[in-house]
Amino acid sequence: MTVTPLGIPRRLLEFTLDGEAARVPEGATILDACRAAGKDVPTLCEGDTLRPKNACRVCVVEVEGARTLVPACSRRAEPGMVVRTDTERARHSRRIVLELLASSVDLSTTPQVAEWIKEYEAKPDRFGPDAARLNDSPKDDNDLYVRDYAKCILCYKCVDACGDQWQNSFAISVTGRGFDARIAVEHDAPLTDSACVYCGNCIEVCPTGALSPRSEFDRRAAGTWDESAQTRTTTVCAYCGVGCGLTLHVQDNEIVKVTSPHDNPVTHGNLCIKGRFGYQHVQNRG
């Protein structure tokens, strides 16, 4: 038996993971088991604050008896199942997905993708210079954040975070079908004319940098964004009495971004417009 943070007992189940016995609580996914065992199964669309969407298909694994590869992020572990994460079939599928994604969108700001492309020997340029590529210009229509959909992989995480899983603003949705599918606000209008409340929770869950705070976007454009030189300090937001946890990202003695810890019991990684963007007064040294 194991106990969750809420004190609710959960029964352990056993199955075979890459030839070794694995034990996880009921309800855990294959990806949970892989991470507990220290196995690096790549994923892009999975988020620890959202329900699995099965959109990117990079995390597929082989389950004995299953006709197709299954997404580790959403497939729950079952007693007695036999899972293999590093078969040639799984590696081939990941390689193809990475090639298709990297040939169609800009993954230059997506963490770990360059490592995965090397590990799986993906060759995005093999489709040639005429491969369909999304070359939309960044949408720069407000003072707080920038939408660069040339980096969007349609993982739908921003839609879920803006919708019924967190903010319930429903400002973001998908427009078009097939190759014409795009993330947009209603009627594809400017963000300032939408239902957006500028909480920035869509930025928090975006895995590719398609959504980024203006401070980060401008610094990247100028070539001065350097995460290795940034310090992170966790504190409490002072705007109201809710007690939201903030993480201040500081570079060159200036706050360049604010996030919130995903394991914070108050925010779970989410903030309001004041908590995420209202920090400029701290460094007003005039």
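Which elements each supply at least two residues of the lining of the largest pocket? Notes below, starting with that one.

1. **Ground rules.** What we have here is a predicted model, where local features need pLDDT of at least 70, side-chain atom pairs count only at pLDDT 80 or more, and totals for chains, interfaces and linings use all residues. Residues are numbered from 1 along each chain as its sequence is written, and side-chain values use heavy atoms, with hydrogens and water left out.

2. **The largest pocket.** To the opening question: α1, α5, β11 (211-213), α6 (214-222) and β14 each give at least two lining residues. Helices here are DSSP runs of H or I with at least four residues, strands are runs of E with at least two, and both are numbered from the N terminus. The largest share comes from α6, with four residues. The volume is about 1,200 Å³, and 43 residues line the pocket, with Pro111, Ile203, Glu204, Cys206 and Pro207 nearest its centre. By class, the lining splits into 14 nonpolar, 14 polar and 15 charged residues.

3. **How the spaces are found.** Everything runs on a 1 Å grid over the protein atoms alone: a cavity is a set of points where a 1.4 Å probe fits but cannot get out, while a pocket is an open set with protein on both sides within 12 Å along at least five of seven lines, and lining residues have an atom within 4 Å of a point. Points are joined across faces, edges and corners, and a volume is the space filled by probe spheres set on them.

4. **The second largest pocket.** This one has a volume of about 680 Å³. Its lining has 27 residues, and Ser104, Val105, Cys152, Leu154 and Phe179 lie nearest the centre. Two or more residues come from each of α2 (88-104) and β10 (182-185), with α2 giving the largest share, five residues. The lining divides into 19 nonpolar, three polar and five charged residues.

5. **Cavities.** There are four cavities of 30 Å³ or more. The largest has a volume of about 110 Å³, and of its 14 lining residues, Cys152, Cys155, Cys158, Cys206 and Ala210 are the closest to its centre. Twelve of the lining residues are nonpolar, one is polar and one is charged. The second largest cavity holds about 80 Å³ and is lined by 15 residues, with Cys162, Ile172, Cys196, Cys199 and Cys202 nearest its centre.

6. **Cysteines.** How many disulfides does the structure hold? Zero, taking a disulfide as a pair of cysteine sulfur atoms within 2.5 Å. Cys34 is in none, and the nearest cysteine sulfur, in Cys59, is 9.0 Å away. Cys34 is also buried, at 0% relative accessible area; buried means under 20%, exposed over 50%, and partly exposed in between, with a 1.4 Å probe and protein chains only. Cys272 is partly exposed at 41%, and its sulfur sits 6.1 Å from that of Cys237, the closest cysteine sulfur, which is too far for a bond.

7. **Strand β13.** Six of the seven residues of β13 (residues 245-251) are buried, so the strand is largely enclosed by the rest of the structure. Strand β12 (residues 231-236) pairs with β13 in the antiparallel sense over six bridges; strands count as paired if DSSP finds at least two bridges between them. Gly245 is the bridge partner of Val236. On to β14 (residues 254-259): β13 pairs with this strand, again antiparallel, over five bridges, and Thr247 has Thr259 as its bridge partner. The two form a hairpin with two residues between them, and Asp252 in the turn has a positive phi of about 55°.

8. **Two loop residues.** Thr29 lies in the loop between β4 (20-25) and α1 (30-36) and is buried, at 9% relative accessible area. Leaving out residues up to four places away in sequence, Thr29 touches Ala72, Cys73, Ser74, Arg75, Arg76 and Ala77, a contact being heavy atoms within 4.5 Å. Asp40 is in the loop between α1 and β5 (60-63) and is partly exposed, at 48% relative accessibility. Asp40 and Thr85 are 45 residues apart in sequence, yet their C-alpha atoms are 9.3 Å apart in space.

Terms used: Nonpolar A, V, L, I, M, F, W, Y, C, P; charged D, E, K, R; others polar.
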